[in-house]
Structure formats: C-alpha cells, structure tokens
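This report walks through selected helices, strands and side-chain contacts. Please keep the structure in view while reading.

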Amino acid sequence: IIRDYQKEAASALAGDGMPGTGYGVIVLPCGAGKTIVGMTVMSLLKTNTLILTTNVAAVHQWIEELLDKTDLNEDQIAEYTGDKKSLAPVTVATYQILTWRKSRESEFPHFSIFRDRNWGLVIYDEVHLLPAPVFRVTAEVQALRRLGLTATLVREDGAEDAVFSLVGPKRYDVPWKELEGQGWI
C-alpha cells in the first residue's frame with residue numbers, strides 16, 4: 001500500500017508531463033519509503049529505467065523490492081555490477097561500476113554502455129553523493145527524466161546545490177518529525 005505522502009512525492013516529480021516536470025530530488029527520512037516513491041515514479045512514467053545505487057547490497061535490495069512490489073518479472077530487471085553485467089528495461093547498477101577505469105587517463109569502459117542507451121528515467125539513490133568527483137560523471141547519462149532520492153542533502157563539502165544542478169530542484173520534502181507524528185516512522 002502506497003502512503004499518501006509517497007504518492008504526493010511521486011506526483012511532484014512525475015507531474016503532468018508538462019515542461020519543467022520529470023526531474024528533481026525527493027527528500028524523505030530513513031525508513032519513509034524512498035524506494036516505494038521510486039517505484040511509483042517508474043509506474044507513472046512507464047519507461048526504461050536505470051537505477052544507480054551506492055553498493056551491491058543496495059542493488060540487490062532494489063531488485064528484491066521491484067520483484068516483490070511491482071508486476072515486473074526477472075527478465076525485465078537486470079543487475080550491472082562487478083559480479084553480473086546485464087541490461088534490461090530496468091537496470092540496477094552501482095555508481096562505482098559506471099565510474100570504474102584502469103587508470104586516471106583511461107576511458108570508463110562501462111560508462112559508454114549506459115550513455116548510449118535510451119533511458120527514459122535515471123534514479124539516483126543516495127543522490128547527495130552525486131557531487132563527489134568519482135560519482136559526478138554518472139550525471140552525464142542521458143535520460144528524459146531524473147529522480148534523486150535521499151534522506152539528507154547535507155554534505156561535508158557544502159556542495160548541496162550541485163545536486164540540484166546535476167539532477168533538478170527539490171520537488172518534495174517531509175521532515176521526519178511530521179512522519180513520526182503521523183506514526184509512519
């Protein structure tokens with residue numbers, strides 16, 4: 001069951017298809033269901049989706065949630081990590097695999113695979129990490145729509161505004177006190 005605030009967050013990003021919608025950042029506290037919001041946006045947009053996560057465990061969590069809570073089957077979801085390298089209409093990968101290269105001067109061997117594919121949506125999980133030099137290159141993946149998910153936009157280097165320039169404006173934010181008061185977290 002999708003909670004009202006999750007529906008509102010997804011609608012705030014997906015909009016009505018008008019110019020100026022379809023990209024931006026959703027900020028929800030830990031445990032508030034950011035993955036559900038991401039899946040709801042996917043359901044609204046019905047397009048090829050690349051989901052970028054921070055580690056292989058998160059890749060597996062996304063895949064498990066997609067299989068459990070959507071009508072997608074295993075053939076429609078792919079994992080692209082150091083262990084497995086496949087593509088599907090919904091592909092879940094790590095930031096690290098896209099930005100891996102043999103040396104500083106080398107090309108990114110995996111990145112071109114993602115840059116050349118027609119993604120309708122890219123979901124940046126833990127989007128507050130995106131301004132880091134090692135992850136910033138992933139913002140070059142072309143997509144019609146971009147969704148950043150995070151519990152906090154706070155960065156030690158003060159580069160919070162870079163998230164908005166890379167992904168889009170903050171579209172939805174609910175303070176944890178509000179969700180706690182409603183009994184959700």
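K69 is partly exposed, because its relative accessibility is 43%. The model is predicted. K69 takes part in a salt bridge with E65, with N and O 2.9 Å apart. Both residues sit in helix α3 (residues 56–69). They are four residues apart there, so about one helical turn separates them. E65 is partly exposed as well, at 27% relative accessibility.

D68 counts as exposed, because its relative accessibility of 57% is over the 50% cut-off. Together, E65, D68 and K69 make up a network of salt bridges. Side chains of opposite charge can pair when their charged atoms come close.

The length of α3 agrees with expectation. Its 14 residues should span 20 Å at 1.5 Å a residue, and its end C-alpha atoms are 20 Å apart. The buried residues of α3 include A58, V59, W62, I63 and L66. Seen down the helix axis, the buried residues fall within an arc of 140°, so they line one face of α3.

The other side of α3 carries exposed residues: Q61, E64 and D68.

How many salt bridges does the structure hold? There are three. One of them joins K170 and D173, with the closest N and O atoms 3.1 Å apart. K170 is partly exposed, at 41% relative accessibility. D173 is also partly exposed, with a relative accessible area of 38%.

## Helix α2 and the residue after it

Helix α2 covers residues 34–45, 12 residues in total. From first C-alpha to last it reaches 17 Å, close to the 16 Å expected at 1.5 Å a residue. Is α2 mostly covered or mostly exposed? It is mostly covered, with nine of its 12 residues buried. Those buried are K34, I36, V37, G38, M39, T40, V41, M42 and L45.

K46 lies in the loop between α2 and β2 (49–53). With a relative accessible area of 69%, K46 is exposed.

Is E126 exposed or partly exposed? At 28% relative accessibility, E126 counts as partly exposed.

## Parallel strand pairs

Strand β6 (residues 143–150) pairs with strand β1 (residues 23–27) in the parallel sense, over five bridges. Within this pairing, I26 has L149 of β6 as its bridge partner. Strand β5 (residues 119–125) pairs with β6 too. This pairing is also parallel and runs over six bridges. Here Y124 stands opposite G148 in β6.

Strand β3 (residues 77–80) is covered on both faces. I77 and E79 are buried on one side, A78 and Y80 on the other. Four bridges join β3 to strand β4 (residues 90–94), and the two run parallel. Y80, one of the buried residues of β3, has A93 in β4 as its bridge partner.

## A nonpolar surface patch

Which residues form a nonpolar patch on the surface? They are W176, W184 and I185. Together they have about 310 Å² of accessible area. I185 is found in the segment after α8 (176–181). I185 is partly exposed, because its relative accessible area is 35%.

Conventions:
Residues numbered from 1 in each chain as written. Predicted model: local features only at pLDDT ≥ 70, side-chain atom pairs only at ≥ 80, totals over all residues. Heavy atoms only, no water. Expected span 1.5 Å × (residues − 1). Buried < 20%, exposed > 50% of the residue type's maximum accessible area, 1.4 Å probe, protein only. Salt bridge = Lys/Arg side-chain N within 4 Å of Asp/Glu carboxyl O. Patch = residues over 30% accessible without salt bridge, like charges linked within 9 Å, V, L, I, M, F, W, Y side chains within 5 Å. Areas by Shrake-Rupley, 256 points an atom, 1.4 Å probe, with all protein chains shown as cover. Pairing = 2+ DSSP bridges. Arc of directions from axis to C-beta.
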